[in-house]
Amino acid sequence: MKKLFIITGEYSGDRHACDVVKELKKINPEIEIEAVGGENLANEGVKLFCDHSKMSAMGFNFKIILSHIFLGKTVADYIKNEFKPDMVLLVDYGGFNLNLSKVLSKSGIKLYYYIPPQIWASRKWRLNTVKKCINKVLTIFPFEKEMYEKVGVDVEFVGHPLLSQIPPKPDKNAVFEENCFDKNKKLISIFPGSRVFEIKNLLRLFLDSARIIKSQREDVQFAIAQAPTIKDELIFPMLEEYKDLDIKVLKNRNYELLSSSDALILASGTVALEASLYETPMIVSYKGPAYLYFVYRLVRCIKRVSLPNIILDKDVIPELIQKDAKCEKVAENIKNIVENDNYRIDMINSLKYVKQKLSSSGSALKVAKIISDNI
């Protein structure tokens, strides 16, 4: 019996890995799978060595670094000495997984990497680790393939998993009725992020922006998309200061808000790509601790930060980052989307090309076939 071990670090990776497992079981139902994962893999019947919630913290906190080192050693020892799989599938979560690959590659176990770290964006020296330790890279962006091929890495473009995961665009009137939105007002939705430090750094900025917009236009309404990782007590006390905005908070309704809003205020991340697949006009704004931004500036390889702009290789959506992340600028750009028909239409037409660039669908199935053929 063939054995596969999967390592994810966050909810999104767990979800993508779960889709691969579903397809893999159809192809090879006898394969034995264990993982570092979350509820998606667990619900699919995969035995978890540990829950990846232990890995989801971010930053340079010394305790976090030590915990990752200890967990990495524990996982590596189990894989090499007890489970002894035929293949390890690393999914996203580049910092942890690349470090772990340095240890596992010495054991002779095949290492495949699905959704590799965004080396094209920062820390290009990590290409050396990939070339030395990873047997095959399964990329989700077409432009990644050429980068890996140039340095001699075995690579295959498998398409972006979002294309098959993202649900069809729902009826806007039904979304408005179900959530008691006013059909005579523009809906502006706020996505402040899925991590605690993002809420602390961005939510107040976005709420101040909403207040400015509201003071200048009466025909607007606001909603906040609350990520499942964010607890109520982090958001609702802050909203007490913004009762005048009458903001609705929706949990687990991201796709409805992304597809039915007239404009979006987004923290940088995959959500911008999701929004582009619905062709919804947006701005991206991000602000973090000064020391982290300083480090980021030292290691980044590209100037753009939002995936739609990176994929299209041009400035389609506004990016208001760090010193430009000011409520006045956010409000001004959102008003431009709402009020300037030509600007809004041009943005929508440009976003149509994002899906074409990621035209390869069925990513999970392709990954499952590659694993089954090579394990």
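Strands β12 and β13 (residues 319–321) pair in the parallel sense over three bridges. Strands and helices are DSSP runs, numbered from the N terminus: helices are H or I with at least four residues, strands are E with at least two. Two strands count as paired if DSSP finds at least two bridges between them. Tyr 286 stands opposite Ile 321 in β13.

The model is predicted: local features need pLDDT of at least 70, side-chain atom pairs count only at pLDDT 80 or more, and totals for chains, interfaces and linings use all residues. Residues are numbered from 1 along each chain as its sequence is written, and side-chain values use heavy atoms, with hydrogens and water left out. The mean pLDDT (the predictor's confidence in each residue, from 0 to 100) of the protein chain is 90. Of its residues, 91% reach 70 or more. Over residues 57–62, pLDDT stays under 50. The model has nine contacts (heavy atoms within 4.5 Å) beyond four places in sequence for this stretch.

Strand β12 (residues 282–286) is mostly covered, with five of its five residues buried. Buried means under 20% relative accessible area, exposed over 50%, and partly exposed in between (1.4 Å probe, protein chains only). Met 282, Val 284 and Tyr 286 point one way from β12. Ile 283 and Ser 285 point the other way. Strand β11 (residues 263–266) also pairs with β12, in the parallel sense over three bridges. Here Leu 266 has Val 284 as its bridge partner. The chain crosses from β11 through α12 to β12, and this β-α-β crossover is right-handed. That is, with the strands pointing away from the viewer, the path from the first strand over the helix to the second runs clockwise.

Helix α12 (residues 270–277) is largely enclosed by the rest of the structure, because seven of its eight residues are buried. They are Val 271, Ala 272, Leu 273, Glu 274, Ala 275, Ser 276 and Leu 277. Glu 279 follows α12 and has a positive phi, near 60°.

Seven strands form an open sheet with parallel pairing, in the order β3-β2-β1-β4-β5-β6-β7. β3 (47–51) and β7 (155–157) are the edge strands, each pairing on one side only. Neighbouring strands of this sheet are turned by 15° against each other on average, direction ignored. Within the sheet, three bridges join β5 (residues 110–114) to β6 (residues 136–139). Tyr 114 stands opposite Leu 138 in β6. Helix α4 (residues 94–104) lies across β1 (3–7), β4 (87–91) and β5, running at about 165° to β5. Axes are lines fitted to C-alpha atoms, for helices over the stretch in contact, and angles run from 0 to 180 degrees between N-to-C directions.
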